[in-house]
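Here is a friendly briefing on pockets and helix packing. Please have a look at the sequence and the structure before reading on.

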Amino acid sequence: MSNHKEMIRPYGDTLNDGKIQLSFSLPIPCNALGEEAAKAFANKMGIHNAAVVHSAPLRKNFSFYIVYGTAEHQIDLNDLHVVEVKSNVMSKEEVEIFIKDNFSEPLVFIGASTGTDAHTVGIDAIMNMKGYNGNYGLERYKGIKAINLGGSVDNETLLEKAIEHKADVILISQTVTQKDVHIQNLTSFIELLEAENVRDQFIVIIGGARINHGLAKELGYDAGFGSKKYAYDVASFAVLALKDKHIKK
C-alpha cells in the first residue's frame, strides 16, 4: 500500500470546503420537530452547521428533507480498492467482425430482470434493437441472437429458457430492489447453476445501478456492469470471454 496520502473531501464553493447536500426521509410529520430531527441526524453524521433547505410531507407521519452543511471527514484515495472489468471494448462493428472471425454460428444471448424486479428499462436498453442513447441493442448485432424474457422472471425459468435456446451468455438485470434482495436473488441463481452442474456452460453477466464488477466476481459471476454502460460494453466482454474460456467455437 502506498504511504502517500491523497486526501479529498466534498466541496461546494471552494476546494476542500467540505460543503455537502444530502436528502432523506423520516418517519415523522413534516413540521418544526421534523426539521430539528433532520438537523440532529445530519450532525450525528459529522455534518456541521446543518441547515434544512427543503422539507415536504410524504404522507401522514412521513416527511422528506434536504439538508445542507459542512462535512468534517476526508478520505484517502489510496485506501480505496476498485475492481473494474478489464476487457478491450469494441464497437458494434468490431464485435460483429470478431464473431464472424472466431465463431462458426451465431451466439445466443438470453436476458431478463429477475426475481421481484419488474423494471426492464436496463435489460431493454442492452438487448432490444433500439438500444439506448444512440447505441443499438444486441438485437441489432450481426452474429448475435438476442432473447429478452422481460421482467419478474424467476431463476428457474431463466435457466430453463437458457438451456432450451442453447444460450451462450446469460444477462441478468437488477434495478429495483429493497433490503438487498438482489444479493439473495443473484446468489440463488449461481447456486442453481452449480446445482445443475451447468455453470461452466455460460458466460453470466449482471447489470444494474447497484451492480459493480467487484460484487459480480464476489457472487460468482463473470462480470458486472453498472450505469452508463451500453450493449457494446457487454458484447465486447462476452465475446472475448467466450473465446478465452472455449465455451463456444
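This is a predicted model: local features need pLDDT of at least 70, side-chain atom pairs count only at pLDDT 80 or more; totals for chains, interfaces and linings use all residues.

Residues are numbered from 1 along each chain as its sequence is written, and side-chain values use heavy atoms, with hydrogens and water left out.

**Largest pocket**

- The largest pocket holds about 470 Å³ of space; a pocket here is an open set of points on a 1 Å grid over the protein atoms alone, where a 1.4 Å probe fits, with protein on both sides within 12 Å along at least five of seven lines.
- Its lining has 23 residues, and the closest to the pocket centre are Gly-122, Ile-126, Gly-208, Gly-226 and Lys-229 (lining residues have an atom within 4 Å of a point).
- Helix 3 (121-127), strand 8 (169-173) and strand 9 (203-207) are the elements that give two or more residues to this lining, and helix 3 gives the most, with five.
- Helices (H or I, at least four residues) and strands (E, at least two) are DSSP runs, numbered from the N terminus.
- By class, the lining of the largest pocket has 13 nonpolar, eight polar and two charged residues; Ala, Val, Leu, Ile, Met, Phe, Trp, Tyr, Cys and Pro count as nonpolar, Asp, Glu, Lys and Arg as charged, and the others, Gly among them, as polar.

**Second largest pocket**

- For the second largest pocket, the volume is about 220 Å³, taken as the space filled by probe spheres set on the grid points.
- Glu-84, Val-85, Gly-224, Phe-225 and Lys-229 are the closest to its centre among 14 lining residues.
- Strand 10 (223-225) and helix 7 (231-244) each give two or more residues to this lining, with helix 7 giving the most, at three.
- The lining of the second largest pocket has five nonpolar, six polar and three charged residues.

**Helix 2 with helix 7**

- Helix 2 (residues 92-102) packs against helix 7 at an angle of about 20°, with the axes 10 Å apart.
- That angle makes helix 2 roughly parallel to helix 7 (angles under 35 degrees count as roughly parallel).
- Lys-92, Val-95, Phe-98, Ile-99 and Asn-102 in helix 2 meet Tyr-232, Ala-235, Ser-236, Val-239, Leu-240 and Lys-243 in helix 7, where contact means heavy atoms within 4.5 Å.
- The residues of this contact divide into seven nonpolar, two polar and two charged.

**Helix 4 with helix 5**

- The axes of helix 4 (residues 155-164) and helix 5 (residues 181-195) come within 10 Å and cross at roughly 45°.
- Asn-155, Glu-156, Leu-158 and Leu-159 in helix 4 meet Asn-185, Ser-188, Phe-189, Leu-192 and Leu-193 in helix 5.
- Five nonpolar, three polar and one charged residue make up the contact of helix 4 with helix 5.

Notes: Axes are lines fitted to C-alpha atoms, for helices over the stretch in contact, and angles run from 0 to 180 degrees between N-to-C directions. Angles under 35 degrees count as roughly parallel, over 145 as roughly antiparallel, 65 to 115 as roughly perpendicular and the rest as oblique.
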